[in-house]
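Walk through this model one region at a time. Keep the sequence beside the view as you read.

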Amino acid sequence: MTTVPEAGTLYRLLAWLSPAYPVGAYTYSHGLEWAVEVGDVRDRDSAGAWIDDVLRQGGGRSDGILLAHAFRADDAATVAELAELGTALAPGAERRLETTAQGRAFLAATQAAWPTERLAWLEALPVEGRPYPVVVGVAAAGHGLPLGSLLPAYLHAFTANLVSAAVRLVPLGQSDGQRLIARLEPAVHAVAEEAADAPLDELGGATLLADLASLCHETQYTRLFRS
């Protein structure tokens, strides 16, 4: 593992977690599309409450904990166990697709442009068993990026994608979208701080409505997103 200079750290975080990085994050709503369909999310305030819950008690928190443990993993066997756990935690087919497809795409793009030996640990895993936070954590450790910067950057990208989906689905204006990003900043930092030191046995969520929404989305008649 080689630690990169501070400027390189920032550059790689901005590149990897940018909407332009080819992981297709914009195609997933994490069940939000169903929540809008049934009226659970209908304006800026309800969208903010929904995303805040997902961050603090659902997929955002679980992703952060998995990412931190993958970052600290010292061998391929540990990474394989984390990947299996992360895949099994998906509450439905579309959420599983969301995390594994993005993980697969992130691995391919990073191996092509930012190769590191640790990525070989991920390439040995089944194609459908590479959850996104595990892949990002392993890649970042391989490049010596600091976990303290990685976690909030990852969670910000997670949040920004859900806000972008809400802007299109509710719909909200761009100004309301930025107000949501600002409103959710404390949640991003709080979850990042918690996830950095949380043991694996604290994995789990309490966002039943969000999980049910992702299941219902599988059979939603008209939809724009893949999850």
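**From a loop to the helices**

Start with Thr27, in the loop that runs between α1 (6-16) and α2. Helices here are DSSP runs of H or I with at least four residues, and strands are runs of E with at least two, numbered from the N terminus. This is a predicted model: local features need pLDDT of at least 70, side-chain atom pairs count only at pLDDT 80 or more, and totals for chains, interfaces and linings use all residues. Residues are numbered from 1 along each chain as its sequence is written, and side-chain values use heavy atoms, with hydrogens and water left out.

Is Thr27 buried or exposed? Thr27 counts as buried because its relative accessibility is 18%. Buried means under 20% relative accessible area, exposed means over 50%, and partly exposed lies in between (1.4 Å probe, protein chains only). Thr27 touches Phe225, Arg226 and Ser227, not counting residues up to four places away in sequence. Contact means heavy atoms within 4.5 Å.

Now go to Asn161, in helix α9. Asn161 is buried too, with a relative accessible area of 18%. Not counting residues up to four places away in sequence, Asn161 touches Ala25, Tyr26 and Tyr28. Pro19 is 142 residues from Asn161 along the chain, yet their C-alpha atoms are separated by 8.1 Å.

Next comes helix α3 (residues 44-57). Its 14 residues should span 20 Å at 1.5 Å a residue, and its end C-alpha atoms are 20 Å apart, so the two agree. The expected span is 1.5 Å times one less than the number of residues. Asp43 caps the N-terminal end of α3, with a side-chain oxygen 3.4 Å from the backbone nitrogen of Asp45. The buried residues of α3 are Ser46, Ala47, Gly48, Trp50, Ile51, Asp52, Val54 and Leu55. Their cover includes α2 (32-37), α4 (59-72), α9 (147-169), α10 (174-183), α11 (185-197) and α12 (208-217).

Thr207 leads on from here. Thr207 sits in the loop between α11 and α12. Thr207 touches Asp53, Val54, Gln57 and Gly58, not counting residues up to four places away in sequence. Thr207 counts as buried, at 11% relative accessibility. His217 is 10 residues from Thr207 in sequence and 16 Å away in space, C-alpha to C-alpha.

What kind of patch do Leu208, Leu209, Leu212 and Leu215 form on the surface? The patch is nonpolar, with about 380 Å² of accessible area together. Leu215 lies in helix α12. Leu215 counts as partly exposed because its relative accessibility is 37%.

Finish at helix α6 (residues 93-113). Helix α6 has 21 residues and reaches 30 Å from its first C-alpha to its last, close to the 30 Å expected at 1.5 Å a residue. Its buried residues include Glu94, Arg95, Phe106 and Leu107.

Look closely at Glu94, in helix α6. Glu94 counts as buried, at 7% relative accessibility. The side chains of Glu94 and His217 are joined by a polar contact of 2.6 Å. A polar contact is a pair of N or O atoms within 3.5 Å; within protein, one must be able to donate a hydrogen and the other to accept it, and residues adjacent in sequence count only if both atoms are side-chain atoms. Leaving aside neighbours within four places in sequence, Glu94 is in contact with Ser214, His217, Glu218, Arg223, Arg226 and Ser227.

Notes:
Patch = residues over 30% accessible without salt bridge, like charges linked within 9 Å, V, L, I, M, F, W, Y side chains within 5 Å. Areas by Shrake-Rupley, 256 points an atom, 1.4 Å probe, with all protein chains shown as cover. Salt bridge = Lys/Arg side-chain N within 4 Å of Asp/Glu carboxyl O.
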